[in-house]
Amino acid sequence: MIWVSLLLIQTVADPAVLQRGEIIFAQSCATGYCHGAAGAAGKGPRLRGQSLDRNRVSEAIRDGIPKSAMPGWKDRLSEQDLSAVIAYVVSLEHADEAGLPEYPMPPGTGPAAYVDFPGPAEAKQGRDWFFDATRLLQCSTCHSVDGRGIAVGPELSGSTLEDQDRFLSLVRASRSQHVLTATLTDRSSFPALRFEQNEGWVKLYDLTSAPPVLRTFEASSIASLVDAKGWSHHSVTRDYEDKEIKGIVKYLAWLRSQE
Amino acid sequence: MGQDGSTGQDWPHYGGSYQFWRYSALDQINRSNIKRLTPVWAFQTGVEDGGLQATPIVVDGIMYLTSSWNRVFAIDAATGKEIWHYYYKNPRQIGIIYSPWNRGVAVSGGRVFMGTLDNYVVALDQKTGRELWKVNVEDLRQCGCNITGAPLVVRDKVIVGVTGGDSAHRGYLSAFDAETGRMVWRFYTIPAPGEKGHETWEGDSWKYGGGATWMTGSYDADLDLIYWGVGNPAADFYGGSRKGDNLYTDCVIALNPDSGELKWYFQQVPHDVWDWDAAYESVLLDLVVKGRKRKLLLNTNKGGYTFVVDRTDGSFVSAWPVAENINWITGVDEKGRLVGRKEPVVGKSTFICPSIGGGRQWNQGTYSPQTGWYYTTGIEWCQDVVAKEEEPVEGLNFFGGAFKMRPLPKGESHGHLDAYDPVTGKKYWSYRSKYPLLASLLGTAGDVILTGDVEGYFFALDAKTGDKLWSFQTGSGHRGSAISYSVDGRQYIATPSGWGSAVAGLFPQLWAESEDFRAGSTLFVFALPQEAE
C-alpha cells in the first residue's frame, strides 16, 4: 500500500508551499473584512470546508471576480506566491472548525512579496512622480498610462517621448491644441475639452480647477466653443520641477519600449 | 430653546436634520395606535449584494433611494411608483473591500448628489435624473478608496468623504461647487510636512496613514461649522511605524464649510491600534449641563464609547460606554484621556473586546427631545487579534495584523438597544436582541423607537419603557436606516430591508446559522389604515 499513499501525497501540495500560502493568505486574503482567519468567512465568502475547483480558484485569485470586491492578484504577487496561495485555498476543502489555527496570523517571515516595478530605477522614479498622490494635481489626474490615471487629456505616446526637451516644452506650453474655451449663454466661460456630443447634448470637461469636471449641457446653452487663449498646460504642471518632468519622460519612454 | 433637530413633512438630510437627531416631529403614528401599522407599498431595487444600507431622502412627496452598485431611484413617496431611475455605470472590477453598497444621496437646489464605487461624485437633475456633472475624486485603481457615504450639502458646497482607512491611503474631505462640480477645497485628515499636527506621525507614515471620512457629517448653522468624524489610522493593528498621536485620525473635526479651514478637533483615541474609528455620526444637542447651557456634540465610536464635547471649541464634557464588554481600556478619565490601554502585540494573540465589528456598528442612534434621551444600539462580542509589521503598498489593504471573532468570556454574544441620558450615560432601559442590531434607529414624536433586526423583523419599542409594541417580518435582515415623512397629511414610516455588508460577513464566525441568512434589497413603507369613506 505504500505506493497508494505516495500517490496521494503527490496530489497534495508540498507542506512548505502550503505554509507559504497560509502566510500570504493571512496577509492578503484574511485581513480586515475579507475572507476571515484561515478562510472562516468574512465579507468575502467562507472558504474552509468548501469544495473548490482548482481552476476556478486560480482564475479568481489571478484575475479577480467581476462585479465583486475580489481583486485580481496577478500583478501584485509573484508567480511563486500565487501558486502557493492557490494551493492553500484549495487545501482548505479538508479543513474543519477544529482545525482552525489558534492564532489568526500564522508565524512566518515578512510581508507578502509584492511584485516590484519591473523597469529600471529611473523609470520607477518617473512613475512615482507621475502618480505622486502627495500632490493635489498629479499627471495622472488627467492622463492615463499603464492602466492607471484618469483619461481626460490625450494619450501620452508618440515620438515626443524620445526627446526630453521637446516633451518638457510641450508640458510647459502656454497654449494647448486640444483645449477650447466654452462660453455659455449666461456669458460664463471656462477652458474645456470636448468629450461627447449627441441628441442636443454636449459633454465637456471643465478644466477651471483640478480635478476636471465632466459637465453635461443642452447644446442650446452653449454660445460658443472656440480655441482657448486663456488656458496653458503650464498652469497645471507648475508643481513639477523640470528634472521631474524629464524623469517622467523616461518612465513613459520605458513604457512605450515595453509595448 | 436650542436648535430644533427634528424633521417634519420631509426627511431632507441623511441624518434627518443637519443636527443628526434621526427624529421626526410627526405623531400621527404613536405608541397607542402603532399596532395598527400596515404596509402600503414596497420597492425592490433589483440588486441585493451588499444588502440595502441606504437612508432614503424625502423632499416634497418624492423619495430618493440608492442601492448597491449606485442605483438611484426617485419614487412617489405616497404610492411607491417610480418617477425616474439612474443606474451609474461602474467599471466591472471594483476590487476593494468598501463595496458594493451605497448609503444615500444628498438633495438640494434641484440636484441629487451621490458618491460612487469608482470614486466619482455625480450630480443629477432632481426632476429627471439626468446627469449634470461628474468628477473623479481620485483614481480608484491607485488609491484603493471610494465613496459609499452620503454627501452633505451646505449652501452651494457638496461635501464628500472617502473610504480607504484600512488601505495604504491618506484620507480627506472634499468640497465641490454644487452647480459646476469644481472642487473648492480639500482638507487632508493627515497633515503634510510643515503643517500643524504633522509631528504626530513618524517618518513617511503620514502618506499612507488612513484617516477615512466614510460616513456623513453634521452642520451647525449658527456657528457655521461642519462636524465630521475621522476613521482609524492605518495600519489598523500595528502602530510601530507610526509612533505618535496620529492626528486627525479618530477625531471629530470642526471645519468652516466654505473654506475647509479647521476650527477645532477632539481626538477620542490617540494612536489607535484597534481600528476603532471616530467616523460615526455627530449628534448636535443644546442641553443644560450642571446648570449651564451648553452646545454639545455627541459621537459614539467603534470602540464602544460615546464622547460628548462642547461643539463651540471641542472641549471635553463626558464619555460613557454603550457596551458592557470593553477591555481595550479600563476607562476614560475626567479630562477625556484613555486609561489602561490593552494593545495588540506583534506575533502574539491578544483577546480584545469588543470585536472589530464594534461596540456599536455605524448604524445611527436617535435623540428624542420629548424624553430627552439618546437611544443607541450596543454589541457584546470579542476577538483575538495578532499584530504584524507591514510595509504599505499604495492603495492595497493595510491592516497590520488579523483578527478572529470570539464569543464573550461569559455568556452569549448578543446585541441591545438602550435609552440613555446623553450626557451622563445613565441607562433608563435596555432591549436585548439575540444577534447584534445593525440598523439605524428612528425616533418620533409618537414616542416610538423603530428599527429592524438581522432576522428580518422591523419593530417598534415604546420610547419611555422599551416595551415592544409592534413588529413586521420583512423577509430579510436590516442594515439600513428607517425614516418618517408625510404626504397630504398622512404619516409614513419607511425602512430598507436587505441583509449584507462587511460586518454581516463576519457573523458566521460566531453564529454559523447566519451563513444561510437570505439577502434582499427592498424598501417597505408603512402607514395607519385609512378610514373607510
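In this predicted model, 44 residues of chain A are in contact with 47 residues of chain B, where contact means that the C-beta atoms, placed from the backbone, lie within 7 Å. On the side of chain A that touches chain B there are 24 nonpolar, 14 polar and 6 charged residues. Here Ala, Val, Leu, Ile, Met, Phe, Trp, Tyr, Cys and Pro count as nonpolar, Asp, Glu, Lys and Arg as charged, and the others, Gly among them, as polar. The largest share of that side, 4 residues, comes from strand 4 (residues 213–218) of chain A. Strands (E, at least two residues) and helices (H or I, at least four) are DSSP runs, numbered from the N terminus.

Strand 4 of chain A runs antiparallel to strand 10 (residues 131–136) of chain B, and 3 bridges join them; strands pair if DSSP finds at least two bridges between them. Val213(A) stands opposite Val135(B) in strand 10 of chain B.

Within chain A, helix 5 (residues 121–130) and helix 8 (residues 242–257) pack at an angle of about 115°, their axes 7 Å apart. Axes are lines fitted to C-alpha atoms, for helices over the stretch in contact, and angles run from 0 to 180 degrees between N-to-C directions. Helix 5 of chain A is therefore roughly perpendicular to helix 8 of chain A; angles under 35 degrees count as roughly parallel, over 145 as roughly antiparallel, 65 to 115 as roughly perpendicular and the rest as oblique. The residues of this contact between helix 5 and helix 8 of chain A comprise 6 nonpolar, 3 polar and 4 charged.

Residues are numbered from 1 along each chain as its sequence is written, and chains are lettered from A and ligands numbered from 1 in the order in which they are written. Because the model is predicted, local features need pLDDT of at least 70 and side-chain atom pairs count only at pLDDT 80 or more, while totals for chains, interfaces and linings use all residues.

Conventions:
Two residues are in contact if their C-beta atoms, placed from the backbone, lie within 7 Å.
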